[in-house]
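Student: I am new to this structure. Could you walk me through how to read it?

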Amino acid sequence: MILLTGGAGYIGSHTAVELIQANHEIVVIDNLSNSAVESIRRIETITGTKVPFLEGDIRDEVFLDSVFQKYNISAVIHFAGLKSVSESVAKPLEYYDNNVHGTMVLLRAMQQAEVKQFIFSSSATVYGEDAPVPYLESMPRGRASNPYGRSKAIVEQILTDFHSAETDMSITILRYFNPVGAHSSGMIGEDPKDIPNNLMPFVSQVAIGRLDKLVIHGDNYDTRDGTCERDYIHVVDLAKGHLCALNQMAAAGIHIFNLGTGKSNSVKEVIETFQRVNGIKIPYEIGTRRDGDLPACWACTEKAENQLQWRATRTLEDMMRDTWQWQQKNPNGYN
Ligand code: NAD
Ligand code: UD1
């Protein structure tokens, strides 16, 4: 059985669907701080499978021990954590507590239960501000510009040290680029609780009329059209990457993989594609640069292609269409 921490959230719920459809048995834990139990119901509807769900916090040792005692868990995929860059600047202690301390409590519980396989949701942000593109897994971690990014880099370091002591463990660090899109059923997707910081949920909330207009954070970068470029990856492709990572986990070791498409798109290209594919106008204006934004970043995907036999296949058009389908079917998210 595979334990998904944070499995009610955006990436966890899509991964749950892919795992179940590949005949894995899963159990989900989540404290629902940034998700709704309705997402679990939707996973069940899509897959026709009952999903064991336990509401609880990864920082709660007693809770975790009870989960490992109750279920015969062979691997953990660890999604649970806080992910807003701006919030992490305002609440650094909460971020380090959830993301760093929470992961340590989880690793201790795994050690106790002798669970040897661990997959961690990391981020391209760990390459830091000065890394050349495309990002390669062999490059050193760089200087992150905010507590969220540093919490991911710290956990990666802790996992490396943990593996040095526990050499029979198989630890996989997946560095996500920019996950967007939603399941093709339109039943699960990204449901930010507050006004979104990230581009894609902002665009779709403008499209549905919940927000008036998008502000593009700067159009004077040294890029194709002056706006920032990112490696947007369809969340279902990303979810399938976890399945491939799980399938190659027999060997002990510490493995790091980028999960991206290897291509970049600018903010203007994203808006143009959303408008074209969905036939909707997105009002926008050009604002000033956002602190900490990099001009362009994208993944080198060779390692994941060669070693995980995984590559993203969904296009930017797919991402835009599926984002809009989810938003239209669920104008107020899971509420
Ligand atoms: P999400 O907020 O939708 O999912 C995270 C889930 O974890 C939520 O359901 C939340 O309720 C739960 N959670 C948070 N703290 C918890 C705790 N202490 N105990 C139990 N549950 C807790 O976010 P997501 O986009 O699905 O991201 C999943 C993981 O991937 C996170 O670790 C995030 O940092 C990482 N990541 C996300 C992105 C992205 O752009 N979405 C990019 C890179 C990395
Ligand atoms: C951000 C975080 C990153 C985190 C990721 C997922 C920063 C600096 N980086 O990545 O650490 O892992 O989210 O949570 O915050 N944009 C606009 N207008 C908007 C929103 C975004 O123009 O209203 C632009 C941004 O300037 C950027 C692009 O859209 O160029 C993508 O932004 P976003 O979705 O926030 O992702 P990242 O900045 O790549």
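Tutor: Gladly! Let us begin with helix 1 and helix 8, which are oblique to each other; angles under 35 degrees count as roughly parallel, over 145 as roughly antiparallel, 65 to 115 as roughly perpendicular and the rest as oblique. Before going on, note that this is a predicted model, where local features need pLDDT of at least 70, side-chain atom pairs count only at pLDDT 80 or more, and totals for chains, interfaces and linings use all residues. Residues are numbered from 1 along each chain as its sequence is written, chains are lettered from A and ligands numbered from 1 in the order in which they are written, and side-chain values use heavy atoms, leaving out hydrogens and water.

Student: At what angle do helix 1 and helix 8 pack, and how far apart are their axes?

Tutor: Two packed helices are described by the angle between their axes and the distance between the axes. Axes are lines fitted to C-alpha atoms, for helices over the stretch in contact, with angles from 0 to 180 degrees between N-to-C directions. Helices are DSSP runs (H or I, at least four residues), numbered from the N terminus. Here, helix 1 (residues 10-21) and helix 8 (residues 235-247) pack at about 60 degrees, with their axes 8 Å apart.

Student: Which residues of helix 1 and helix 8 make the contact?

Tutor: Contact means heavy atoms within 4.5 Å. Helix 1 contributes Y10, I11, H14, T15, E18 and L19, while helix 8 brings V235, V236, L238, A239, K240, H242, L243 and L246.

Student: How do the axes of helix 5 and helix 6 cross?

Tutor: Helix 5 (residues 92-113) and helix 6 (residues 147-165) have axes that come within 9 Å and cross at roughly 20 degrees. Helix 5 and helix 6 are therefore roughly parallel to each other.

Student: Which residues come nearest to ligand 1?

Tutor: A residue is near a molecule if one of its heavy atoms lies within 4 Å of it. Of the 27 residues around ligand 1, the nearest are D30, N34, S35, K83 and N98. An N or O atom in the side chain of S35 is 2.7 Å from an oxygen atom of ligand 1, and a polar side-chain atom of K83 lies 2.8 Å from an oxygen atom of ligand 1.

Student: How many residues surround ligand 2?

Tutor: There are 20, and the closest are L199, V215, R230, R290 and D293. In the side chain of R230, an N or O atom is 2.6 Å from an oxygen atom of ligand 2. H217 instead uses a backbone N or O atom, 2.9 Å from an oxygen atom of ligand 2.

Conventions:
Helix = DSSP H or I, 4+ residues; strand = E, 2+ residues; numbered from the N terminus. Polar contact = N/O pair within 3.5 Å; in protein donor to acceptor, adjacent residues only side chain to side chain.
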